[in-house]
Structures are given as C-alpha cells and as structure tokens.
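Dear colleague,

I am passing on the structure we spoke about, together with an account of what came out of the analysis.

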Amino acid sequence: MARILAILGASQPFDPAHRYTTSWILPPFLLATCRIIFALYTFTTIFFIFAWNGANGRPDQSRHSFSFFTSLVYWGLAFYFLFAALHTFSYARTGRSWLQKWPAPLQLAHTIFYTTVVTFPILVTAVFWAILYNGVWFPTEFQAWSNTSQHALNTVSAAFEIFLTRTSPPPPAHLFFLVILLALYLALAYLTHATAGFYPYSFLDPNKGSGRLAGYILGILAAACVIFGIVWGVIWIRRWLTESKLGMHGKFAKHPVGRDEEMMEMASEGTK
C-alpha cells in the first residue's frame, strides 16, 4: 500500500516539505488569502449566475448546468480553493496543515484534485475558444462576464497554482485518473440526453456523424494528455528555476514544527 501511495504522489508521511501549502514567493498567510479570494470569486460567480437565471425566468439553465463539463470544473475550482485556503491557513497558524492530519486516502484525493485543477480548466478554455465560440462577442455584459469568468479566468486560477506555489509535478500515474474522469463525464453527457433530452455539447450528437463524434472525443482526450504533459514540464521548470537556480526554497510558517523534515525532503529529492 505504501508503494502505491508513493507512486500516486501521497507517500507517507505526507508532504513533509509542505509543498501544497506554501509558495516560493508568497508568505503562507498571503497564499491562503489569495486562495480564499479565488474561492470567493468562483462561488460568487456560480451563485450570481443562478440568481440571474432565476430572475430572468430561466431556472432550468441552472439545473442543466450540472450536465456541462465547464460548470463541473468550475465547481471543482471553487471547492479546491476553499479547502486549499483552509489547509494553508492551518499551516500558517500552527506549522502543520489539516491536510497532513487527514487519512491517507483523503490525502491522495487531494493530490488528484490538484492535478485536475491545473489541467481541466486549461482544457475547458481551449475547447471553448477553439470549438464552441462562434467568433461573435457576447451580446450582453452578463454573458460576456459569465463566459469570461468560466472560460478564461478559470485558467488564470490554474496558472496561479502552477506558477506561484511550491508543488511538485503531478505523478504520471495521475493521467490515468484524468482519463477516467473524462470517460465518466462522457457517460454523464449521454445520460443527460437519455433523461433530459439534450446533449450538453452539440458535437456529442452521434446523428451528426460517428466519425466526427469519434474525432472530437479522441481529440479532446489527446488535448488533455498534451496539457497534462505541458503542465508537468512547466511545474518542473518552475521548481528548477526558483529552487536550484535562484535559491528560493519557499516561504514557511514561523513555527518549528516540520522544519527539519522540510530541509531533509528538499535535500533528498532535489528538483526531481
């Protein structure tokens, strides 16, 4: 079991160098504050859209939103930043995060959650602007704001986690979980058609051609794999540049807890 956890990025003891709760440039309290701001903005966007739909006689759009990959990824961003902020605040206060006290399966879930947060928002942005956007700017300020928030600022959120934290590159084994999640979403899309009578995305309609459908599915799967590889490389370069070249090993909590482990972990793993 310990070997499996190590392969999946959740070796025990978990995160001795506090990489999930520290930044190479931001002090822990400031990192936690930034994360809670991202969480508040994302939740505010979601519920404002729900309120707007209700006030304009379109409550069904809010219900149907749970069938869209964009919306599910946006919910994921909101909850990730909420929990990441809480873990970071707890580390900043005590020198040990709540995440480090969680059972190993939940710690593993958090590492996979992080991988989705730095991968899926970029996929959503790429698919929307390359495939779904028709080239005509949105007719109302609300549509412009809501679409920009969900299809552009989502990638800004992912970039924050990629560039400004101290996380290591996600384990290659996490690619398996990304593929499984995409397959589960595909099942949800067709379940939506069977129960609600619509396809969340028109290109999923097999009546428009099975070859075309297969091309879209395989293309999006390939894009997800490419994005995962690019993100892995960017995070590796960020660690190499900030730690090996600039000597910026991180801003830590002003507590003795875990500092010996931090130094031992950084010395043993280098910039792998």
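This is a predicted model: local features need pLDDT of at least 70, side-chain atom pairs count only at pLDDT 80 or more; totals for chains, interfaces and linings use all residues.

The C-alpha trace spans about 60 × 40 × 35 Å along the principal axes, and among contacts with a separation of 6 or more, residues 24 or more positions apart account for 79%.

The largest pocket has a volume of about 730 Å³, and of the 27 residues that line it, the closest to its centre are Gln61, Ser71, Asn147, Gln150 and His151. Two or more residues of that lining come from each of α2 (28–55), α3 (59–64), α4 (69–94), α6 (120–132) and α7 (141–151), with the largest share, 6 residues, given by α7. By residue class, the lining of the largest pocket divides into 13 nonpolar, 13 polar and 1 charged.

Next, the charged pairs. In general, side chains of opposite charge can pair when their charged atoms come close, and in this model the count comes to 3 salt bridges. In one of them the side chains of Glu243 and Arg19 meet, at 2.9 Å from N to O; this pair links distant parts of the chain, since Glu243 belongs to helix α10 (residues 210–245) and Arg19 to the loop between α1 (2–7) and α2, 224 residues apart. Both Glu243 and Arg19 are buried.

Glu243 also takes part in a salt bridge with Arg239, where the closest N and O atoms are 3.6 Å apart. Here both residues, Arg239 and Glu243, lie in helix α10, 4 residues apart, which is about one turn of the helix, and Arg239, like Glu243, is buried. Through these shared partners, Arg19, Arg239 and Glu243 are joined by salt bridges into one network.

Another salt bridge is formed by Glu161 and Arg35, with their closest N and O atoms 2.9 Å apart. This pair, too, links distant parts of the chain, with Glu161 in helix α8 (residues 153–164) and Arg35 in helix α2, 126 residues apart, and both Glu161 and Arg35 are buried.

Finally, some points of backbone geometry deserve a check by eye. Asp15, which lies in the loop between α1 and α2, has a positive phi near 45 degrees, and because its relative accessibility is 12%, Asp15 counts as buried. His18 is found in the loop between α1 and α2 as well, with a positive phi near 60 degrees, and His18 counts as buried because its relative accessibility is 2%.

With best wishes

Note on methods. Residues are numbered from 1 along each chain as its sequence is written. Side-chain values use heavy atoms; hydrogens and water are left out. On a 1 Å grid over the protein atoms alone, a cavity is a set of points where a 1.4 Å probe fits but cannot get out, and a pocket is an open set with protein on both sides within 12 Å along at least five of seven lines; lining residues have an atom within 4 Å of a point. Grid points are joined across faces, edges and corners, and a volume is the space filled by probe spheres set on the points. Ala, Val, Leu, Ile, Met, Phe, Trp, Tyr, Cys and Pro count as nonpolar, Asp, Glu, Lys and Arg as charged, and the others, Gly among them, as polar. A salt bridge is a side-chain nitrogen of Lys or Arg within 4 Å of a carboxyl oxygen of Asp or Glu. Buried means under 20% relative accessible area, exposed over 50%, partly exposed in between (1.4 Å probe, protein chains only). Contact means heavy atoms within 4.5 Å.
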